[in-house]
Amino acid sequence: MRPIPLSRRSHITGVGSFESGLVEHESALERDFALLASFDDPGAVIVSQPMTIRFDAADGRRRYTPDFSVKWSDGRFELVEVKYHADLRADWPKLRPGFLAARDAARGAGGRFRIATERSIRGPRLDNARRLLPLRRAPLDRTLAEMAKAIVATMDAPTLRDTVTAMPCDRVAALGAIWRLMARGDLLFDAQRTVGFDTRLRLS
């Protein structure tokens, strides 16, 4: 494993356990990116600092190491730099040559390079990921699960509240089953909005 230096923006550094395995991170923002990617795609393979790219610049031979590579379950491949927006703006002239080299390297591997800031990482989707991801592998009552899916199938875009109310069981047990189905992707919802009782559900 690579050493994890102290980030100048966050003391939250180390190794996170996600769907794809252990993923190292050097900041809270990197951790949040890995969490969100794992939530968006359970089959994604996320690798920290996957390669070092060497390239020629005006000031000589330089090198750049992207923060992550992500191989999505649909076959897409990305190299990703995770940066706070303010740092990106302040250091852009210095960072740009490395980013261009990473773009070329990603294209050569049949993928793409992108920069992710807190503007695309943090928000309702991340809040939902934090809430639901720990439930993805939690034990699930199959009887209640099938009951919840049957209710959603027979109702016209029911809300989470509608579904819980229609289930002939304890409210806590109903919520537990529905949350787990949402976490596993068996019940779909608009992840761009914070999940609540007014969230609309549909079958996957």
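Predicted model: local features only at pLDDT ≥ 70, side-chain atom pairs only at ≥ 80, totals over all residues.
Residues are numbered from 1 along each chain as its sequence is written, and side-chain values use heavy atoms, with hydrogens and water left out.

Let me start with the largest core, which has 28 residues, and in which Leu-160, Ile-178, Met-182 and Leu-201 touch the most other members. Helices α1, α5, α6 (142–154), α7 (160–166) and α8 (171–184) each give two or more residues to this core, and α8 supplies the largest share, eight residues; helices (H or I, at least four residues) and strands (E, at least two) are DSSP runs, numbered from the N terminus. Leaving aside residues up to four places away in sequence, Ile-178 touches Ala-148, Leu-160, Thr-163, Val-164, Met-167, Leu-187 and Leu-201, contact meaning heavy atoms within 4.5 Å. A second, separate core of 14 residues includes Leu-29, Phe-68, Val-80 and Val-82.

Now to the aromatic rings. Five aromatic pairs turn up in a search of the whole structure; rings of Phe, Tyr and Trp (its six-membered ring) pair if their centres lie within 6.5 Å, and planes under 30 degrees apart count as stacked, over 60 as edge-to-face and the rest as tilted. The ring centres of Tyr-64 and Phe-113 are 6.4 Å apart and their planes are at 85°, so this pair is edge-to-face. It links distant parts of the chain, with Tyr-64 in strand β5 (residues 60–64) and Phe-113 in strand β8 (residues 112–116), 49 residues apart. Tyr-64 is buried, at a relative accessible area of 10%, and Phe-113 is buried too, at 15%. For Phe-99 and Phe-113 the centres are 5.5 Å apart and the planes at 35°, so that pair is tilted; Phe-99, in helix α3 (residues 92–108), counts as buried at 4% relative accessibility. Ring pairs link Tyr-64, Trp-92, Phe-99 and Phe-113 into a cluster.

Finally, a word on the backbone. Ala-157, in the loop between α6 and α7, has a phi near 50°, a positive value in a residue other than glycine, and at 35% relative accessibility Ala-157 counts as partly exposed.

Key
Core = buried A, V, L, I, M, F, W, Y, C linked by side-chain atoms within 4.5 Å. Buried < 20%, exposed > 50% of the residue type's maximum accessible area, 1.4 Å probe, protein only.
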